[in-house]
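Have the sequence and the 3D view open as you read.

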Amino acid sequence: MSNNIHVILSGGVGSRLWPLSRKSNPKQYLNLFKEGSLFGMTVLRNKLLCNKVIVVGNCDNFQLSKEVLDGQGVEYTDIVEATPRNTAAAIAFAAFAASPDDVLVVTPSDHVIVGEDAYEKAIQTGIEKAKQGYIVTFGIKPTRPETGYGYIEYEDDKVLSFREKPNQDTAEDFIERGNFLWNSGMFCFRADTFLTELQQFEPKVYATAFAAWQHQKDGRLDESLSKKIPSISVDYAVMERSKKIRVVATQFQWSDLGSFESLYDYLVSTGYPVDENGNMIIGSDMYTAFVGLKNAIVVYTDDALLFLQKEKSQDVKKVYNTLEKHQSKLID
């Protein structure tokens with residue numbers, strides 16, 4: 001009998017949420033929310049929908065995953081990447097660890113989803129389509145012309161095209177046309193269906209990932225073999241090229257919390273305090289006054305301070321990249 005396996009991808013560092021998010025404690029493990037961490041919320045959300053769990057993480061954060069899963073009493077298969085090789089390889093490892101007819105429900109570990117019933121309905125629909133041999137992606141009905149997300153053009157459950165992150169004019173056009181969804185980065189398919197498509201479109205990714213998997217020890221992957229795997233996203237490797245793609249247009253509320261702007265909006269929706277001009281403080285109870293500023297965010301940590309205008313939050317990655325270039329310990 002086949003299993004429904006929840007595959008949690010947890011290798012990211014959340015660079016746009018620096019200085020809160022660090023390599024040693026990425027955003028998915030931060031206890032910023034009343035419900036705990038994003039990782040913990042992801043595990044709970046899928047507990048009743050899947051009967052097994054696989055976590056694909058990295059050597060910097062696998063212990064953080066263990067703490068959450070042990071705390072929830074969840075048994076799981078741990079796959080520890082020696083070096084990041086993007087999502088095509090990460091998902092391939094999970095598929096190698098499963099039986100061919102197992103259905104994999106693949107989710108990031110750092111998203112917020114509101115609407116439990118709608119989420120359950122969408123996943124169940126995806127699982128049924130996966131059992132029919134389709135590769136399923138989940139699309140989010142857009143609420144604004146967002147330039148930070150990829151889009152899916154669709155008709156019924158057919159995918160007409162995948163679109164990269166658009167500029168403002170293009171995003172507005174997508175919203176006006178009405179048949180575009182945000183690309184959630186969530187997928188569902190049988191293990192053998194995915195591996196067959198990966199082998200067809202990216203045979204080198206398949207072969208090198210399989211070689212690394214054959215030499216894994218207790219889920220830990222060899223670094224030298226891993227470095228031979230091309231770093232390619234699952235979108236490019238499979239989703240944009242396969243003829244087996246179907247989309248589920250979802251009804252739940254969703255955010256990838258990929259920036260301080262989206263974190264700000266989510267925290268405000270949960271009653272987090274801001275002053276009369278919309279200014280927010282994160283990480284400190286110290287009295288902080290804002291004069292002549294609107295919608296500004298101040299982020300406190302023990303070793304760094306970040307001041308930003310909410311609308312410029314995508315530019316935080318530039319700070320992270322500069323620190324990374326100078327091998328600063330502030331990103332560790």
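## Before you start

This is a predicted model, in which local features need pLDDT of at least 70, side-chain atom pairs count only at pLDDT 80 or more, and totals for chains, interfaces and linings use all residues. Residues are numbered from 1 along each chain as its sequence is written, and side-chain values use heavy atoms, with hydrogens and water left out.

## The whole chain

The chain holds 11 helices and 14 strands; helices (H or I, at least four residues) and strands (E, at least two) are DSSP runs, numbered from the N terminus. Its C-alpha trace spans about 60 × 45 × 35 Å along the principal axes.

A compact globule of 332 residues would have a radius of gyration near 20 Å, and the chain agrees, with 20 Å. That radius is taken over C-alpha atoms, and the globule rule is 2.2 Å times the number of residues to the power 0.38.

## Helices H3 and H7

Helix H3 (residues 86–97) packs against helix H7 (residues 203–214) at an angle of about 55°, their axes 10 Å apart. Axes are lines fitted to C-alpha atoms, for helices over the stretch in contact, and angles run from 0 to 180 degrees between N-to-C directions. The contact (heavy atoms within 4.5 Å) involves Ala88, Ala89, Ala92, Phe93, Phe96 and Ala97 of H3, with Val205, Tyr206, Ala209, Phe210, Ala212 and Trp213 coming from H7.

By class, the contact of H3 with H7 has 12 nonpolar, no polar and no charged residues. Here Ala, Val, Leu, Ile, Met, Phe, Trp, Tyr, Cys and Pro count as nonpolar, Asp, Glu, Lys and Arg as charged, and the others, Gly among them, as polar.

## Helices H1 and H2

Helix H1 (residues 38–45) and helix H2 (residues 62–71) pack at about 45°, again with axes 10 Å apart. Phe39, Gly40 and Val43 of H1 meet Ser65, Val68 and Leu69 of H2. These contact residues divide into four nonpolar, two polar and no charged.

## A three-stranded sheet

Strands E12, E13 and E14 form, in that order, an open sheet with mixed pairing; two strands pair if DSSP finds at least two bridges between them. E12 (280–282) and E14 (305–309) are the edge strands, each with a single partner strand, so one side of each has no neighbour in the sheet. The twist averages 15° from one strand to the next.

E12 pairs with E13 (residues 296–300) in the parallel sense over three bridges, and Ile282 has Val299 as its bridge partner in E13. Helix H10 (residues 260–269) lies across E12, E13 and E14, running at about 100° to E12.
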